[in-house]
Amino acid sequence: MITTKSKNLHVPNHYDFVGSFLRPAALKIARHKFSKSEISAAELKSIEDKAIIDLIQKQKELGLKSITDGEFRRSWWHLDFMWGLGGVKKVDLDTGYQFHGIETRAETACLTGNLNGANHPFVEHFKFVNQYADETVLARQTIPAPAQFLAELQRKENRTVTKEIYPSTEDLITDIAAAYKTVIKDLYNAGCRNIQLDDCTWGMFCDKKYWEARQDSQISLTELAALYAKVNNLAISDRPADLIITTHVCRGNYHSSWAASGGYEPIANILFKENVDAFYLEYDSDRAGDFAPLRFITTQKVVLGLITSKTSKLENKNSLKERIFEATKYVPLNQLCLSPQCGFASTEEGNLLTEEQQWNKMKLVKEIAEEVWQY
């Protein structure tokens with residue numbers, strides 16, 4: 001077993017980030033050339049490697065306590081992981097996900113057979129990042145939550161195929177959890193001690209209009225939320241004691257647009273009982289509601305996503321500090337942290353700001369944390 005090099009790091013840290021960063025122009029060009037068969041897979045990997053090394057250096061220079069590859073080897077924050085599982089294939093669709101004022105690229109992950117998590121490519125991706133971890137910096141791996149995968153398999157375009165392969169929902173979630181357990185075990189054996197589960201399903205639960213449109217599903221919000229929590233908890237059950245697992249929740253992040261609105265109240269009593277160590281929560285706009293649902297938090301850390309990754313405008317430092325202390329009505333200050341509400345590039349398109357503006361946002365996160373938690 002490969003052991004982690006980082007010891008006794010506090011993850012999440014009081015100044016933190018969600019995972020993805022804007023892709024550099026050279027990487028975007030390389031990915032386009034690869035899609036046109038103008039460069040080889042080896043040539044693309046070489047360009048990705050260089051971009052990731054440069055990104056890790058910037059993360060370290062900022063003083064972040066964990067590092068990621070910025071999701072530079074992916075097109076999507078979630079689908080690439082799903083395509084890497086056994087029994088899954090990439091499928092093009094007629095329509096993409098519907099966001100506010102924009103539609104995404106039209107792709108999905110569809111079953112071809114029974115699921116398994118053997119030899120997932122993300123394990124090698126993690127090993128590359130982990131080379132640059134040390135006693136002060138932990139390598140983090142971000143992956144979509146099991147519930148997100150379940151939701152993808154049950155969207156209307158995939159429902160028929162999923163039902164043919166898994167007539168029983170119970171068998172489906174059992175195999176999803178087993179596939180995830182395999183990937184998590186392989187990541188752990190590669191030295192991973194921090195896995196972030198990205199889960200937009202909870203953001204959709206918060207949206208009243210979304211649920212009104214799903215009245216034909218013949219399942220209640222509470223029943224489906226319980227099912228999603230079940231598959232998430234099952235996938236991470238029996239994990240090693242030194243493996244930190246966190247959940248990130250947002251309401252959609254595509255090219256600076258969003259997909260859902262509504263506070264956490266409808267699902268807080270289920271979501272905040274998940275067996276994870278911390279929650280990264282979107283709180284950068286009125287669409288996220290107030291802090292009252294945080295009353296269901298017990299011992300977990302809460303990373304307040306108060307700074308938006310969607311726009312370039314820097315937030316007012318004093319206003320954000322006031323909001324942090326407002327949240328202490330429900331969660332002690334020492335359990336709170338600060339970050340942007342989501343990554344800067346959940347997909348390779350990225351949000352509508354420059355790399356310089358991205359890093360200015362991250363510097364603001366650190367400045368506020370240093371003042372609030374008195375580093």
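Mentor: First, a word on the labels: helices are DSSP runs of H or I with at least four residues, strands are runs of E with at least two, and both are numbered from the N terminus. Keep in mind, too, that this is a predicted model.

Let's start with the second largest pocket, which holds about 570 Å³ of space. Its lining has 22 residues, with Arg31, Leu44, Glu48, Arg73 and Asp80 lying nearest the centre. Sort the lining by class and you get eleven charged, seven nonpolar and four polar residues.

While we're at α4, look at the loop between β5 (107-116) and that helix, where you'll find Asn119. Its phi is near 55°, a positive value in a residue other than glycine. Asn119 counts as exposed because its relative accessible area is 71%, and the cut-off for exposed is over 50%.

Gly19, Thr68, Asp69, Gly70, Glu71, Arg74, Arg140, Gln141 and Thr142 line the largest cavity. By class, that lining has five polar and four charged residues, with no nonpolar ones.

Pick Glu71 out of that list and follow it. Setting aside neighbours within four places in sequence, Ser346 is in contact with Glu71, and also with Ser20, Trp76, Trp77 and Asn253. Ser346 itself sits in the loop between β12 (336-340) and α13 (355-372). Its relative accessibility is 7%, so Ser346 is buried; the limit for that is under 20%. With Asn253 there's also a polar contact, side chain to side chain, of 2.8 Å.

One more loop is worth a visit: the one between β9 (244-249) and α11 (268-271), which holds Ser256. Like Asn119, Ser256 is a residue other than glycine with positive phi, here near 70°. Ser256 counts as buried because its relative accessibility is 18%.

Note on methods:
Residues are numbered from 1 along each chain as its sequence is written. This is a predicted model: local features need pLDDT of at least 70, side-chain atom pairs count only at pLDDT 80 or more; totals for chains, interfaces and linings use all residues. Side-chain values use heavy atoms; hydrogens and water are left out. Buried means under 20% relative accessible area, exposed over 50%, partly exposed in between (1.4 Å probe, protein chains only). A polar contact is a pair of N or O atoms within 3.5 Å; within protein, one must be able to donate a hydrogen and the other to accept it, and residues adjacent in sequence count only if both atoms are side-chain atoms. Contact means heavy atoms within 4.5 Å. On a 1 Å grid over the protein atoms alone, a cavity is a set of points where a 1.4 Å probe fits but cannot get out, and a pocket is an open set with protein on both sides within 12 Å along at least five of seven lines; lining residues have an atom within 4 Å of a point. Ala, Val, Leu, Ile, Met, Phe, Trp, Tyr, Cys and Pro count as nonpolar, Asp, Glu, Lys and Arg as charged, and the others, Gly among them, as polar. Grid points are joined across faces, edges and corners, and a volume is the space filled by probe spheres set on the points.
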